[in-house]
Structures are given as C-alpha cells and as structure tokens.
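Reader: Hello! I am new to this structure and would like to be walked through it. Could we look at it together?

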Amino acid sequence: MGARAVDRRGWRYRGNVAARVLAGTIGAYTVASCLAMAVARLSAGGRIDGVIAGTLCAYLAVPAVAIWAFLARGTWRAWGGVVVLVALFGALAWMIGPPAR
Amino acid sequence: MSAVREGTRQVMAWLHGWTGLALGWVLFVMCLAGTMSVFKPEISRWMRPEATASAGRVEAINAATRWLAANAPKSAGWYLTAPDDRANNVEATYDSGGDYVARALDPVSGAPVARETLGGEFFYRLHFELELPYPWGRWLASIVALTMLTALVTGIIAHRRIFRDFFTFRPRKGQRSWLDGHNALGVLAMPFHLMITFSGLVTLASLNMPWGIVANYGNDLAAAFHDLAPGAVDRPAAGRPGTLAPIAPMLREAERRFGGAPFSRVSIANPGDAASVVTVYRSDAAQIGATTAEVSFDGPSGRVIGAWAETRPAVGTYAVIYGLHMGRFANGVLRWLYFLGGAMLTLAVASGMILWVVKRRERAPLSLANRIVERLNVGVIAGVPIGFAAYLCANRLLPPGLVDRAQLEVTIALDAAGVALLVALAVPPRLGWPLLLGVLASLCLASPVVGGGLSYLSQALARGDAVLPMADALLVGVALTALACMRTVTRKRADIRRPARARAIA
C-alpha cells in the first residue's frame with residue numbers, strides 16, 4: 001500500500017496533520033460563513049430569500065473544503081486554498097454591501 | 001512530505017476514519033435518539049398506558065384551556081399541541097409561576113395525566129440538545145452533524161464499488177465482515193443518510209450558520225425573524241386582567257381559513273391578560289414542507305387580528321428541507337422507512353467504530369489509546385441503549401403522582417447509561433460486551449412486564465390499540481437481538497480469539 005510512502009513519525013508529520021485539521025475545521029467553517037454572506041447578498045430576491053440560499057450553499061462548502069485541506073499537496077497549498085476562498089467570498093460580500101431597506 | 005497518506009482513496013479513508021472516531025460516540029447517541037423520535041407520539045402513548053381517553057381536537061383544546069385558565073392563569077404563555085390520529089393527549093408547555101413545564105393533558109378533563117413523564121419528548125430533545133444547557137447542546141449537535149457530513153462524503157469517495165457493496169457480505173471473517181456490514185449499511189441507505197444529515201443542519205441553521213442573516217440584517221435579528229415568519233402577531237401584555245373568549249369558535253374559524261385542513265398547534269400569549277393573543281397553526285402532517293399557515297385572534301373578543309399562509313418559494317424550500325428532517329408527513333410504510341433509515345445509520349456508526357478497533361487489532365496488539373476506544377465503544381454502543389431501556393422500566397416502576405417524576409425518569413436513564421459506561425471502562429471488553437448486552441436484554445424483556453405491564457397489554461388488546469403491543473414486540477425483538485449478539489461475542493472469543501493470540505505469540 002502507498003501508506004508506507006508517508007513517514008508517520010515525528011513532529012513534522014504531526015505538524016502537517018495539525019495544520020490540515022485546522023484548515024479543514026476552522027478554515028472550512030470560515031469559507032462556509034463567507035460563502036453564506038456572499039450568496040445572501042448576491043441573491044436577487046428579498047433579504048430573507050438570500051439568507052436561505054446562502055445558508056443552504058454554505059453547508060456544502062464544509063465537506064468540500066475539509067476534503068481539500070487533506071488532499072492538497074502540502075500544507076501551504078491547503079491553507080492557500082482556504083485563504084483564497086475566504087478572500088474571494090469575503091471581498092464579494094463586502095463589495096456588494098448590505099441590501100437596502 | 002505532502003499528504004497524510006499516499007493516494008486520494010487512502011486520504012479519504014483516513015479522513016473518514018478519523019472524522020468518524022472523533023465524534024462517533026456523540027453521533028451514535030444522536031442517531032439512536034433521532035431514530036426513536038420517529039415514533040415520538042407512539043412512545044409517549046406507551047409511557048402513559050392509563051391515559052387512554054380520547055376526544056376531538058377542538059374539544060380537547062377546549063378542555064385544556066379550561067383547566068389551564070383555572071390552574072395557570074398568570075402564565076406568560078400556553079403552548080398546546082392537539083391530539084391527532086397518533087397522539088390522544090394534549091401536549092402542553094406552560095409556566096405557572098416559575099419555569100415552563102411540559103405536561104400531557106387529558107383530552108376530556110384537561111388536567112395533567114397522573115403518570116407524569118416526558119415520554120417520547122425525552123428522545124426528541126436528547127437528539128439535538130444532548131441533555132446540555134442551551135445553546136451548548138445544539139452547538140455540539142451542529143458540530144457533530146458537520147463532521148458527519150464530511151465523514152459521509154469521504155466515505156463515499158473512499159469507495160471503489162458502490163453497487164457491488166449492495167450484495168457483498170462475507171460473514172465470520174473478522175475485519176472483512178465488519179467492513180462489508182459497515183459498507184452495506186452505509187451504501188444501501190446513502191440518500192437517506194445524506195438527506196437526514198444535511199436537513200438536520202438546516203433545522204439548527206440560525207444557530208450554526210447565522211452569517212447569511214448577519215450579512216443581510218446586521219444586528220437586527222428581530223427583522224430577520226419577522227421576514228421569516230411575517231404572520232406572527234406579537235402584542236405586549238396590557239397589564240390589565242382579561243378573560244379568554246370561548247376557544248372552540250376560534251379553532252373552527254381557523255380551520256375554515258385553512259380550507260378545511262386541521263389545526264395542530266395553538267399558542268396563547270398572556271392568557272390572563274386583556275391583550276391576550278390566540279394563534280392557531282395548521283397541521284403539517286399532510287404535506288412534506290413544514291410551511292406555516294396561522295390565524296391569530298384577539299383573546300378576550302375572539303376577533304381575527306392576523307392571518308398568514310406561507311407561499312414564498314425560498315422560504316418554501318427551507319420548509320421542505322425542515323419538513324423532510326421532521327418526517328411528520330410520513331405515514332404508514334414511509335414512517336417505518338424513516339425508522340429503518342435511522343436504524344441503519346445508527347448501526348453504520350456503531351459498526352464503523354467497532355471496525356476502527358477490529359482493523360487495528362488484526363494488525364498488531366492494540367495501543368493503550370485504542371484499548372480505551374474499544375472500551376468506550378462497549379460503554380456507548382451497549383450503554384446508551386441500556387439507559388433508554390432503563391428509562392422505559394423507570395416509567396413503569398415509579399409510582400404515578402410522585403413529585404418530579406418526569407425528571408426522575410430522565411435521571412435514571414442518564415445514571416444507568418453512565419454506570420454502564422463506567423463498567424465498560426473498568427472491565428475488559430471480552431467481559432464488558434456480554435455483560436452489558438445481557439443487562440440490555442434483561443431490561444428490554446422487563447420493560448413490557450414490570451409495573452403491571454401485562455395488564456396494560458391485555459387492556460390495549462381488548463381496546464384494539466396496536467401501539468402498545470407493537471412497542472412490546474419491538475422491545476422483545478431488541479432483547480433477542482442483544483442476546484444473539486451476546487452469544488456471538490462469547491462464541492467468537494472461543495473460535496477466533498485463540499488463533500489470533502497464538503499468532504501474536506509466534
């Protein structure tokens with residue numbers, strides 16, 4: 001099995017796993033939150049319609065980002081993906097701004 | 001130095017294992033309690049065997065408000081659920097000078113039934129509140145559900161052969177059999193597993209994903225809830241005493257406005273006040289979406305002061321997802337499919353946690369951490385059902401009319417599960433499994449019999465009531481299953497354990 005190719009001992013491996021766990025939990029939830037905000041503000045319907053659309057999309061981001069955090073080649077790439085998505089969705093939400101009314 | 005494992009499938013399997021292990025024990029409690037909640041009204045009926053009176057929903061609510069007006073007039077609110085074809089009592093939540101209490105009210109007299117119990121409500125609350133104070137229980141449940149979503153998706157990706165797993169089971173092969181069983185349980189009901197996890201998250205959305213609300217409403221939570229339920233009439237108390245007008249005409253008027261559909265819930269805000277508000281909600285038992293339709297009345301005059309029926313598509317989408325989780329629309333076969341789906345998910349979680357240990361044991365002697373995992377598995381997988389069965393036995397054995405009886409039942413349930421967990425941690429699993437499975441079987445066999453159970457059974461049979469006999473039969477079924485598992489565990493030790501140990505020595 002390929003599992004043998006990964007050295008599972010020492011602090012390097014533990015640090016690798018810990019960094020990915022953080023990216024896959026706190027990172028994934030942050031991405032989901034920013035996505036919820038962006039979609040909520042992007043949505044064409046009423047304020048509450050946007051909230052519902054954003055919230056439903058957000059849950060799907062959690063497993064997606066969690067998987068990315070562990071599949072990415074290297075922890076830098078794992079965190080890079082999280083940061084890019086947070087920046088993208090966050091900027092989108094910020095640029096659109098809160099809805100009128 | 002890159003991934004935690006080499007190869008996509010290996011990484012997915014690794015992630016599936018760890019996400020499952022991390023919160024698997026809590027997940028097991030949630031799945032089992034949720035599965036029980038499918039039959040919440042039926043469990044409540046089993047737990048109130050003397051309270052068999054029945055009345056129409058209008059008469060029952062009428063009786064309940066009469067009793068409450070005499071016994072809890074200063075209450076801030078009465079929240080009533082009318083009897084229907086599944087429940088015969090009125091489920092009431094109200095305060096009478098202090099905390100809110102939940103009571104089943106007799107549909108004819110309106111007074112609380114003698115055998116004070118939470119009934120099926122215990123399992124329902126445990127399912128998403130986990131006996132923790134608000135909001136911690138709901139937060140923990142949300143975290144577990146999010147982890148579960150990741151565990152499900154990684155489990156699916158880790159799979160090579162979804163279709164073939166439908167038909168694969170190789171018994172008596174240790175790890176192989178556990179894996180086959182785990183896969184079959186996961187794969188056969190996979191759409192249910194995904195649906196119930198996702199929709200479960202949605203039911204707690206305002207708590208676990210409030211960021212859409214923050215984005216569109218800022219701090220104005222009241223505005224968000226008003227947009228979600230614009231029909232709600234929120235009128236402050238006048239501070240002057242008032243009397244409720246007769247409630248039956250209001251209920252009939254509400255049903256007329258629902259186009260003849262029955263109402264299910266009634267809330268009465270400030271019932272003893274001159275500005276009391278009676279709100280009647282349509283039953284959602286005949287539709288998948290838990291969409292609201294409500295009519296509000298001025299309490300003292302009985303005049304309609306508000307009416308609302310939800311038709312917006314986005315809110316309707318949310319209501320359908322919510323309704324899918326609650327499954328109140330599911331009748332007959334569909335209700336049993338919900339139960340079966342939940343049972344399969346519960347067993348998938350349990351077999352996954354056992355697989356974690358079996359897999360490692362077949363490779364090398366278990367590490368200390370994995371030996372603790374193994375004992376925790378015994379304590380939770382056998383101990384939590386022991387707690388539930390103890391709850392049912394306590395219901396039969398505690399005399400009706402006891403002070404704080406409902407809470408005592410819950411305490412007994414939690415204590416029994418706690419003791420089982422401690423025993424499982426203290427003794428080796430080869431003793432722990434048969435011991436706790438034996439206790440579980442005994443409790444399940446005892447619960448239909450103790451405290452006059454058999455006379456309730458014969459009364460139910462004489463009435464032609466199928467709920468109590470079916471519940472008794474299910475309990476006996478669980479007991480027999482536990483005994484079969486106990487036998488398998490003890491026999492397996494004789495067959496498999498010895499060669500494994502011989503290998504380890506060699």
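Reader: Which residues in H2(B) are buried?

Author: This is a predicted model, in which local features need pLDDT of at least 70, side-chain atom pairs count only at pLDDT 80 or more, and totals for chains, interfaces and linings use all residues. Residues are numbered from 1 along each chain as its sequence is written, while chains are lettered from A and ligands numbered from 1 in the order in which they are written. A residue is buried if 20 or more other C-beta atoms lie within 10 Å of its own, exposed if 12 or fewer, and partly exposed in between, with C-beta atoms placed from the backbone; helices (H or I, at least four residues) and strands (E, at least two) are DSSP runs, numbered from the N terminus. Helix H2 of chain B spans residues 40-47 and has 8 of its 8 residues buried, namely B:Lys40, B:Pro41, B:Glu42, B:Ile43, B:Ser44, B:Arg45, B:Trp46 and B:Met47.

Reader: Thank you! What is the mean pLDDT of chain B?

Author: pLDDT is the predictor's confidence in each residue, from 0 to 100. In chain B, 97% of the residues reach 70 or more, and the mean is 93.

Reader: Where in chain B does pLDDT stay under 50?

Author: Where pLDDT is low, the predicted coordinates should not be read in detail. The stretch you ask about has 2 contacts beyond four places in sequence, two residues being in contact if their C-beta atoms, placed from the backbone, lie within 7 Å. It covers residues 497-506 of chain B.

Reader: And what ipTM does the predictor give the complex?

Author: Two scores are given for the complex. The pTM is 0.93 and the ipTM is 0.92.

Reader: How do the two chains meet, and which element gives the most to the side of chain A that touches chain B?

Author: In this complex, 38 residues of chain A are in contact with 35 residues of chain B. On the chain A side, the elements that give two or more residues are helix H1 (10-42) and helix H2 (47-71). The one that gives the most, with 18 residues, is H2(A).

Reader: How do the residues of that side of chain A divide into nonpolar, polar and charged?

Author: Ala, Val, Leu, Ile, Met, Phe, Trp, Tyr, Cys and Pro count as nonpolar, Asp, Glu, Lys and Arg as charged, and the others, Gly among them, as polar. By that rule, the side of chain A that touches chain B has 24 nonpolar, 8 polar and 6 charged residues.

Reader: How many residues has the largest nonpolar core?

Author: A nonpolar core is a set of buried Ala, Val, Leu, Ile, Met, Phe, Trp, Tyr and Cys residues joined through C-beta atoms within 7 Å. Those with the most contacts inside the largest one are A:Ala32, B:Phe28, B:Ile386, B:Leu436 and B:Leu440, and the core has 131 residues. The element that gives the most to this core, with 16 residues, is H2(A).

Reader: Which residue of chain B is in contact with A:Ala32?

Author: Here neighbours within four places in sequence are left aside. The contacts of A:Ala32 include A:Ala58, A:Tyr59, A:Ala61 and A:Val62, and, from chain B, B:Met209.

Reader: At what angle do the axes of H3(B) and H12(B) cross?

Author: Axes are lines fitted to C-alpha atoms, for helices over the stretch in contact, and angles run from 0 to 180 degrees between N-to-C directions. The contact is made by B:Val58, B:Ile61, B:Asn62 and B:Thr65 of H3(B) and B:Ile247, B:Ala248, B:Leu251 and B:Arg252 of H12(B). The axes of helix H3 (residues 57-71) and helix H12 (residues 247-257) come within 9 Å and cross at roughly 140°.

Reader: Which residues of H4(B) are buried?

Author: Helix H4 (residues 121-129) of chain B is mostly covered, with 7 of its 9 residues buried. What covers them includes H2 and helix H5 (136-157) of chain B. The buried residues are B:Glu121, B:Phe122, B:Phe123, B:Tyr124, B:Leu126, B:His127 and B:Phe128.

Reader: Why does B:Leu130 count as partly exposed?

Author: B:Leu130 is in the loop between H4 and H5 of chain B, and its phi is near 55°, a positive value in a residue other than glycine. B:Leu130 counts as partly exposed because its C-beta neighbours inside 10 Å number 18.

Reader: Which peptide bond is cis, with omega near -5°?

Author: Most peptide bonds are trans. B:Pro135 is in the loop between H4 and H5 of chain B, and the cis bond runs from B:Tyr134 to B:Pro135.
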